[in-house]
Amino acid sequence: METYFIEFLVKPRKSSSKYASAEKITAIGWVKSLDAETALPIALFEVEKDGWKVDKLLTSPKKVLEHDFRSKDIGLEQFQKAQRFGRAFIYLLVDSRVSELTIEEVEDRDEVDIGSFHASRNGLAKKGKCIHFNAGSECDSVINAHSVQKGQSLTKIAQDNHVYALAERLETNGDVLIKKISIHKFSTFKGFCKYHDNLVFEPIDNFPLEPNHQQATLYAYRSICREVYVKENSYRLLSKHLTTFKEESRTKKFIADLKVGTENGLKPLLKKKDVFDSILRNEKFHEIRYVVLECRDSPNISFSGLLYPEFDFQGKVLQDLSELGKNFSLITFCSAPTKSGWAVIFSWHESDDNICFRFIDSLKEVLRSGKSIEDAVFRLVITTCENVAYSPHWWESLCQYKKDELSKYIRLNADPLTPVSSDYLKIGLSGVVSWNFINVYSSYE
Ligand SMILES: [Zn+2]
């Protein structure tokens with residue numbers, strides 16, 4: 001990750017501030033980020049969180065190195081601070097009485113720290129309830145259900161029963177992200193009781209992917225149920241968090257925006273779950289479409305994810321996700337063991353054919369244009385799915401460059417301050433995996 005230098009002209013947010021009479025206040029920041037574009041919203045957020053209003057951008061984010069500050073004590077100190085904490089800001093004030101002074105302490109910093117907010121957001125899955133379509137009197141005790149196939153998928157990539165996965169707590173400096181975790185704990189969620197988990201997922205937990213419509217339905221269903229569980233928890237937490245703010249602030253706005261975003265994603269998701277509940281209840285598995293890409297080599301990652309496809313693999317818009325309350329089209333993608341290797345299975349309901357066909361077609365277009373479809377699928381998984389386990393053996397075998405590249409993208413996906421660009425499925429992460437899809441199965445054509 002690079003370090004970007006940035007300057008703003010700012011003024012105190014509160015008119016009662018002791019700095020209100022200053023002629024000029026400059027915010028100077030050092031921000032670690034993927035690129036200049038991403039550094040800007042992060043810097044704006046930090047400055048406003050420190051209690052300032054931004055009047056003007058004075059210096060657009062520019063890449064800097066440590067030796068740029070070798071003769072500047074304060075600059076060097078801040079540069080090094082940014083290496084440790086990801087961000088460092090100082091504020092210079094000019095008024096008629098003194099020529100220039102550094103403001104060392106910020107008076108009205110927002111009371112809620114985003115770091116601790118993330119910690120609780122990610123660590124909140126404590127309580128559980130069974131969300132099986134027949135939940136009720138049939139249920140026994142809620143278990144830690146796996147959202148990634150464990151039997152043959154997770155155990156295949158594990159080393160001493162451990163895999164690498166995204167750490168629950170996001171580090172602000174972007175460096176420590178991936179940690180070793182027991183496969184018994186990875187990607188579990190308390191969304192099913194033992195009875196219903198065993199009953200409903202038997203055809204995918206105890207049998208390799210053939211594939212068939214029922215298995216495609218179940219892989220999708222498990223992805224959806226986990227997401228419903230996570231999003232409902234987030235929504236509850238965000239709502240609770242918002243009540244702790246006494247006054248308007250940038251952090252409050254940020255959390256309010258996150259809440260709206262979560263709600264916007266949750267509503268259509270609950271509708272999808274209803275559709276899948278009904279398919280399972282009535283065994284109408286033929287309403288589910290799937291495309292399976294099979295590899296013969298051993299898997300190096302295991303995952304289960306879903307997506308409202310916004311852009312395709314060429315960067316074209318598929319659907320506008322900003323329209324509140326709209327029933328977006330959804331596609332799920334999971335890794336699955338097969339008899340002779342492993343596969344990626346894409347599944348969706350036929351009511352989402354329009355967008356999902358176009359999404360899959362754009363994946364075929366990758367192939368037609370001579371690019372690697374394997375790289376494209378890997379890119380999709382890494383940039384959209386947090387629920388990925390990495391084989392420790394494979395991760396450790398990556399050269400530093402690929403490890404850094406991969407970590408960057410994982411962070412990009414995990415950081416809610418980073419905007420999604422239209423070409424995020426088009427470029428990046430080439431040649432990190434050496435998969436080779438040799439078989440394609442599809443429920444249509
Ligand atoms: Zn149950």
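Predicted model: local features only at pLDDT ≥ 70, side-chain atom pairs only at ≥ 80, totals over all residues.
## A cis proline between two helices

Pro211 sits in the loop that joins α5 and α6. Helices here are DSSP runs of H or I with at least four residues, strands are runs of E with at least two, and both are numbered from the N terminus. Look at the peptide bond leading from Glu210 into Pro211: this bond is cis, with omega near 0°.

Now for the two helices themselves. The axes of α5 (residues 194-205) and α6 (residues 213-242) come within 9 Å and cross at roughly 120°. Those axes are lines fitted to C-alpha atoms over the stretch in contact, and the angle, on a scale from 0 to 180 degrees, is taken between N-to-C directions. So α5 and α6 are oblique to each other; angles under 35 degrees would be roughly parallel, over 145 roughly antiparallel, and 65 to 115 roughly perpendicular, with the rest called oblique.

On the α5 side, the contact is made by Val200, Phe201, Pro203 and Ile204, and on the α6 side by Gln214, Gln215, Leu218, Tyr219 and Arg222. Two residues are in contact if their C-beta atoms, placed from the backbone, lie within 7 Å.

Residues are numbered from 1 along each chain, as its sequence is written. The pLDDT is the predictor's confidence in each residue, from 0 to 100. The protein averages 85, and 89% of the residues score at least 70.

## The overall picture

The protein has eleven helices and 15 strands. Of its 445 residues, 37% are buried. A residue is buried if 20 or more other C-beta atoms, placed from the backbone, lie within 10 Å of its own, exposed if 12 or fewer do, and partly exposed in between. Take the contacts between residues at least 6 apart in sequence: 77% of them join residues at least 24 apart.

## Helix α11

Helix α11 covers residues 400-414, which makes 15 residues. From its first C-alpha to its last, α11 reaches 21 Å, close to the 21 Å expected at 1.5 Å a residue; that expected span is 1.5 Å times one less than the number of residues.

Which residues of α11 are buried? They are Leu406, Lys408, Ile410, Arg411 and Leu412. These buried residues pack against β7 (162-166), β8 (178-182) and α9 (373-384).

## Three loop residues

Ser187 lies in the loop between β8 and β9 (188-193). Its phi is near 55°, a positive value in a residue other than glycine. Is Ser187 buried or exposed? Ser187 counts as buried because it has 24 C-beta neighbours inside 10 Å.

Leu429, in the loop between α11 and β15 (437-442), also isn't a glycine and has a positive phi, near 55°. With 19 C-beta neighbours inside 10 Å, Leu429 counts as partly exposed. Glu23 belongs to the loop between β1 (2-12) and β2 (24-33), and counts as exposed because it has 8 C-beta neighbours inside 10 Å. Glu23 and Lys11 are twelve residues apart in sequence and 9.3 Å apart in space, C-alpha to C-alpha.
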